[in-house]
Amino acid sequence: MKTWYMIFAAACAVSMPAFADGDGEGEEPAAIRVTSEAVTFKLRTGSGTAAVSSADLATWPVTYRAGETVTLTSPSGASTTPVSGAAANGTTELAGAFNADGVWRLANSNGGSALVGVAWGTFDSQWREASTDASCRMHTEGEGPDRRLKRSEAPPVAYSGDDWKGDLTKASTITFTSPEGSGLEPTTWNKTGRGASAFTFNKRGVWTVELKFANNTTRTAHIEIPVTGLTLVVR
């Protein structure tokens, strides 16, 4: 059975006021008797993550209070509303709701939320595809897409038509703009699907690389090719 990981925080506090007969001086608090029917519930008070099976998670009760709305957002950003404007306090189950790999967000309208992580490979999401590629070359030093490296160190430029979501029919445009003053015209690639191709950054300076997806959104990187070799300064 697959294991899903859930990040969940819950807190429960019960306070009981004390009442006294008379003026409250030197007298014992009056006893308060409360009776109610037995109620079964689950409560997790620890921090961090908890590993639960798919069967347990499907029947895990999601609590809500009167007036609250409960929203479940999938890894793709699609939302459903298991509970809308609840008439009274209650619980609901989410059996069958988690049907894709990735991180789901469960939230109520009063600001409470939980993250549910469905392990990759549980539902074989579309973007997880087999590949015959034996190796790849990546530059992982530093944050963001901007890089400063030698021409010989530049890895292939990766592209995707749909921001690597898995639709190989989508097309993209990659534009390379050379450093200012180089005299070179921009170079444009038109690609379909996803992949990586080598590009020669043959001028020193800062290159601008723009990737435009099929929906016209863009990603931009600045690649700096520094001056290398021996420099003599004569005064």
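Colleague: Is R219 buried, partly exposed or exposed?

Modeller: This is a predicted model, where local features need pLDDT of at least 70, side-chain atom pairs count only at pLDDT 80 or more, and totals for chains, interfaces and linings use all residues. Residues are numbered from 1 along each chain as its sequence is written, and side-chain values use heavy atoms, leaving out hydrogens and water. Buried means under 20% relative accessible area, exposed over 50%, and partly exposed in between, using a 1.4 Å probe and protein chains only. R219 has a relative accessible area of 45%, so the label is partly exposed.

Colleague: Thanks! Which side chain does R219 meet in a salt bridge?

Modeller: A salt bridge needs a side-chain nitrogen of Lys or Arg within 4 Å of a carboxyl oxygen of Asp or Glu. For R219 the N to O distance is 2.7 Å. R219 lies in strand β15 and its partner in the loop between β10 and β11, so the pair ties together parts 56 residues apart in sequence; strands here are DSSP runs (E, at least two residues) and helices are runs of H or I (at least four), numbered from the N terminus. That partner is partly exposed at 24% relative accessibility, and its name is D163.

Colleague: Which residue forms a salt bridge with R148?

Modeller: The closest N and O atoms of this pair are 3.4 Å apart. R148 sits in strand β9 (residues 147-148) and the partner in strand β15, 76 residues apart.

Colleague: How many residues does the largest nonpolar core have?

Modeller: A nonpolar core is a set of buried Ala, Val, Leu, Ile, Met, Phe, Trp, Tyr and Cys residues joined through side-chain atoms within 4.5 Å. In the largest one, I174, F176, F201 and I223 have the most contacts inside it. Strands β10, β11, β14 and β15 each supply at least two of its residues. The core has 16 residues.

Colleague: And how many strands does the protein have?

Modeller: The protein has 235 residues, 26% of them buried. Its secondary structure includes one helix, and the number of strands is 15.
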